[in-house]
Amino acid sequence: MLSYFLSLLLTLFILFLTDIAKAAVFCVSNSSELHSALTSATSNGEDDVIKIVQGTYNGSFIYASHEPYDVTIEGGYTAGCASRVVNPTNTVLNGGGNGP
(Lines give C-alpha, C1' and ligand atoms only; values in the text may rest on other atoms or scores of the structure.)
Protein backbone atom coordinates (compact mmCIF):
# COMPACT_ATOMS: atom_id res chain seq x y z
CA MET A 1 0.00 0.00 0.00
CA LEU A 2 2.83 2.37 0.85
CA SER A 3 4.56 1.76 -2.49
CA TYR A 4 1.28 2.49 -4.32
CA PHE A 5 0.90 5.76 -2.40
CA LEU A 6 4.49 6.77 -3.12
CA SER A 7 4.06 5.93 -6.82
CA LEU A 8 0.89 8.00 -6.99
CA LEU A 9 2.54 10.90 -5.19
CA LEU A 10 5.56 10.79 -7.51
CA THR A 11 3.31 10.71 -10.58
CA LEU A 12 1.33 13.73 -9.39
CA PHE A 13 4.54 15.60 -8.62
CA ILE A 14 5.91 14.93 -12.12
CA LEU A 15 2.63 16.05 -13.72
CA PHE A 16 2.72 19.22 -11.61
CA LEU A 17 6.29 20.01 -12.72
CA THR A 18 5.42 19.32 -16.35
CA ASP A 19 2.53 21.78 -16.19
CA ILE A 20 4.74 24.47 -14.65
CA ALA A 21 7.39 24.08 -17.34
CA LYS A 22 4.99 24.80 -20.21
CA ALA A 23 5.75 27.98 -22.08
CA ALA A 24 5.30 29.22 -25.59
CA VAL A 25 8.68 30.06 -27.12
CA PHE A 26 8.99 32.55 -29.98
CA CYS A 27 12.14 33.21 -31.99
CA VAL A 28 11.89 36.56 -33.79
CA SER A 29 14.23 38.16 -36.31
CA ASN A 30 12.34 41.28 -37.43
CA SER A 31 9.94 43.91 -36.09
CA SER A 32 6.88 42.26 -37.62
CA GLU A 33 7.65 38.94 -35.94
CA LEU A 34 8.20 40.73 -32.62
CA HIS A 35 4.81 42.46 -32.89
CA SER A 36 3.19 39.11 -33.69
CA ALA A 37 4.89 37.35 -30.75
CA LEU A 38 3.82 40.09 -28.34
CA THR A 39 0.25 39.92 -29.62
CA SER A 40 0.14 36.13 -29.27
CA ALA A 41 1.64 36.29 -25.79
CA THR A 42 -1.12 38.56 -24.50
CA SER A 43 -3.80 35.89 -24.72
CA ASN A 44 -2.37 32.41 -25.33
CA GLY A 45 -3.01 31.13 -21.81
CA GLU A 46 0.56 30.23 -20.89
CA ASP A 47 3.92 31.66 -19.94
CA ASP A 48 5.89 33.03 -22.87
CA VAL A 49 9.54 33.40 -23.83
CA ILE A 50 10.36 35.73 -26.71
CA LYS A 51 13.90 35.25 -28.05
CA ILE A 52 15.12 38.13 -30.20
CA VAL A 53 17.84 37.70 -32.83
CA GLN A 54 20.63 40.30 -32.70
CA GLY A 55 19.85 43.55 -34.54
CA THR A 56 17.89 46.79 -34.28
CA TYR A 57 14.11 46.63 -34.15
CA ASN A 58 12.17 49.80 -34.94
CA GLY A 59 8.56 50.26 -33.91
CA SER A 60 6.22 50.85 -31.03
CA PHE A 61 6.27 47.57 -29.13
CA ILE A 62 3.43 47.12 -26.64
CA TYR A 63 2.59 44.22 -24.36
CA ALA A 64 -0.59 44.52 -22.28
CA SER A 65 -2.16 41.40 -20.83
CA HIS A 66 -4.54 40.59 -18.01
CA GLU A 67 -3.52 36.94 -17.88
CA PRO A 68 -1.76 35.58 -14.80
CA TYR A 69 1.22 34.37 -16.87
CA ASP A 70 4.77 35.62 -17.32
CA VAL A 71 6.48 36.94 -20.42
CA THR A 72 10.27 36.86 -20.72
CA ILE A 73 11.97 38.82 -23.49
CA GLU A 74 15.62 38.00 -24.20
CA GLY A 75 17.87 39.51 -26.84
CA GLY A 76 21.26 38.58 -28.24
CA TYR A 77 20.36 35.42 -30.14
CA THR A 78 22.11 34.30 -33.30
CA ALA A 79 20.13 33.35 -36.42
CA GLY A 80 17.45 30.77 -35.67
CA CYS A 81 17.98 31.39 -31.94
CA ALA A 82 20.65 28.69 -31.97
CA SER A 83 22.80 30.41 -29.34
CA ARG A 84 22.90 33.63 -27.33
CA VAL A 85 25.53 36.30 -26.73
CA VAL A 86 24.56 38.54 -23.81
CA ASN A 87 25.65 42.06 -24.74
CA PRO A 88 23.32 45.08 -24.38
CA THR A 89 24.53 46.56 -27.69
CA ASN A 90 23.71 43.62 -29.95
CA THR A 91 19.90 43.78 -29.68
CA VAL A 92 18.18 47.18 -29.69
CA LEU A 93 14.46 47.95 -29.48
CA ASN A 94 14.06 51.45 -30.90
CA GLY A 95 10.69 53.03 -30.22
CA GLY A 96 11.76 56.27 -31.85
CA GLY A 97 10.48 58.25 -28.89
CA ASN A 98 6.94 57.00 -29.52
CA GLY A 99 4.89 55.41 -26.81
CA PRO A 100 1.41 55.09 -25.45
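Predicted model: local features only at pLDDT ≥ 70, side-chain atom pairs only at ≥ 80, totals over all residues.
1. Two strands pair if DSSP finds at least two bridges between them.

2. Look next at the pairing of strand 1 with strand 2 (residues 47-53). The two run in the parallel sense over 6 bridges. Val-28 has Ile-52 in strand 2 as its bridge partner.

3. Now Asn-90. This residue sits in the loop between strand 4 (71-77) and strand 5 (91-94). Its relative accessibility is 14%, so Asn-90 counts as buried, the cut-off being under 20%. A polar atom of the Asn-90 side chain lies 2.8 Å from the backbone oxygen of Val-85. Leaving out residues up to four places away in sequence, Asn-90 touches Gln-54, Gly-55, Gly-76 and Val-85.

4. Thr-91 belongs to strand 5. This residue also counts as buried, because its relative accessibility is 16%. The side chains of Thr-91 and Asn-90 make a polar contact at 3.1 Å. A polar atom of the Thr-91 side chain also lies 2.7 Å from the backbone nitrogen of Gly-76.

5. What does Thr-91 touch, not counting residues up to four places away in sequence? The list is Ile-52, Val-53, Gln-54, Gly-55, Tyr-57, Gly-75 and Gly-76.

Conventions
Residues numbered from 1 in each chain as written. Heavy atoms only, no water. Helix = DSSP H or I, 4+ residues; strand = E, 2+ residues; numbered from the N terminus. Buried < 20%, exposed > 50% of the residue type's maximum accessible area, 1.4 Å probe, protein only. Polar contact = N/O pair within 3.5 Å; in protein donor to acceptor, adjacent residues only side chain to side chain. Contact = heavy atoms within 4.5 Å.
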